[in-house]
Amino acid sequence: MSTTTQLLVRKDELASTQLRTADDTALADGQVRLRIDRFALTSNNITYAAFGESMSYWQFFPTGEEGWGSIPVWGFGSVVQSSHPGVAVGERLYGYVPMASSVVLSPERLSPARFTDGTPHRAALPAVYNQYFRCARDPLYSAETEDLQALLRPLFITSWLIDDFFDDNDFFGARPGIALLSSASSKTAYGTAFQMHQREGIEVVGLTSAANKAFCESLGCYHRVLAYGELDQVAADAACVYIDFAGNGELRRAIHTRFPQLRHDCVIGGTHVEQLAPPGTAKELPGPRAAFFFAPAQIKKRTDEWGADGFGRRMVQAWQGFLAKVAQPATPWLVAQHHDGAAAVQAAYAQVLGGRGDPRIGHILSLSRG
């Protein structure tokens, strides 16, 4: 009998993990079993965990164990068993999966390019996370760049949507002005900077640790890069927006206090888990209230306005431009590092949670190998 190994995380103590291996149950009619060959682990996934309750991320792959969750990740897999007439064994898929060696899906609304997982508990969750792309007909797919796709594709789509959201809202009155991006070495941040750098009238300023300043400067997508302690190098009277990828409560307070012309505070993530502000404290700050960015809402808005085909064409064009820059042979922005097997996956998770390591290294994990 086959088994599935899964990495579980303590919801109220993200550094606590356990590995669980269980026998696979027989498939019901209409189900398929996907062997998860590789998945990316980035600070974005730590955000899923940090906001797991409030944003329902823990609900995608329930563990059945009180207090323990499965962090969703993005990855590739191959169908190894199928009780669905429309999905063949051997088919390659890309989508939202647990940190596990396999997952059971219930394909519905099949098209040549994708299907939706119809597992009942996912019906009320955002549809964008329930889609699985069939690689043979996926316009964003190329076999030779699977690692970069796993690492960057969901993050870049978020980056692209963030930039579009700000442009759609004319930067909330801060154009001309400054876009301040925290956690500037993170992949979602520099994807956003790559897009915003192309906007007229916007100076893109990256905020990062002193240790990552040179890396961020080398990317060429920030007009300026400042260490967190160098906010005083930005004019206090500048019209600006804040795009927060870090969730650092102290930094948020410093920005709201220094910039009376702050027009919008956009919360994207919480990579600085240990420095998240206590709930409710943002209400005490001067200036605009911090507002979460919800990518599915912008997807729906633009799909309604542009149509599905128009939305897809714009996204593919932007993705191809970004990937060409990231993967440039002479000076790649990102190099994949593989971690195969249960112990290696557990160690890689601890490293990413702790924010340690070279920002040029992307982590590709597998619990089905090693």
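Which residue of E14 does Ala179 stand opposite? Val241 in E14 is the one opposite Ala179, and point 2 puts that pair in its setting.

1. Ground rules. This is a predicted model, where local features need pLDDT of at least 70, side-chain atom pairs count only at pLDDT 80 or more, and totals for chains, interfaces and linings use all residues. Residues are numbered from 1 along each chain as its sequence is written, and side-chain values use heavy atoms, with hydrogens and water left out. The stretch to flag is residues 270–280, with pLDDT below 50; beyond near neighbours in sequence, it has 29 contacts in the model (contact means heavy atoms within 4.5 Å). Where pLDDT is low, the predicted coordinates should not be read in detail.

2. Strand E11. Helices (H or I, at least four residues) and strands (E, at least two) are DSSP runs, numbered from the N terminus. E11 covers residues 177–181, and five of its five residues are buried (under 20% relative accessible area; exposed is over 50%, partly exposed in between, with a 1.4 Å probe and protein chains only). E11 is joined in parallel to E12 (residues 202–208) by five bridges, and in parallel to E14 (residues 240–244) by four. Two strands count as paired if DSSP finds at least two bridges between them. Ala179 has Val204 as its bridge partner in E12, and it stands opposite Val241 in E14.

3. The crossover. From E11 the chain goes through helix H3 (residues 187–196) to E12, making a right-handed β-α-β crossover. Right-handed here means that, with the strands pointing away from the viewer, the path from the first strand over the helix to the second runs clockwise.

4. Loops on either side of E11. Have a look at the cis peptide bond between Arg175 and Pro176, with omega about 5 degrees; Pro176 lies in the loop between H2 (146–168) and E11. In the loop between E11 and H3, Ser183 has a positive phi near 50 degrees, and it isn't a glycine. Ser183 counts as buried because its relative accessibility is 9%.

5. Helix H7. H7 (residues 342–353) has 12 residues and reaches 17 Å from its first C-alpha to its last, close to the 16 Å expected (1.5 Å times one less than its number of residues). Its buried residues are Val345, Ala348, Tyr349, Val352 and Leu353. They sit on the same side of H7 because they cover an arc of only 130 degrees around the axis, the arc being that of the directions from the helix axis to the C-beta atoms. These buried residues pack against E1 (3–10), E2 (13–23), E3 (32–41), H1 (43–50), E17 (335–340) and E18 (361–366). Just after H7, Gly355 takes a positive phi of about 70 degrees.

6. The three-stranded sheet. The order is E2-E1-E4 in an open, antiparallel sheet, with E2 and E4 (68–69) as the edge strands, each pairing on one side only. E1 and E4 are joined by two bridges, and Arg10 stands opposite Trp68 in E4.

7. One more backbone check. Ser56 also has a positive phi, near 70 degrees, in a residue other than glycine; Ser56 is found in the loop between H1 and E4.

Note on methods:
pLDDT = per-residue confidence, 0-100.
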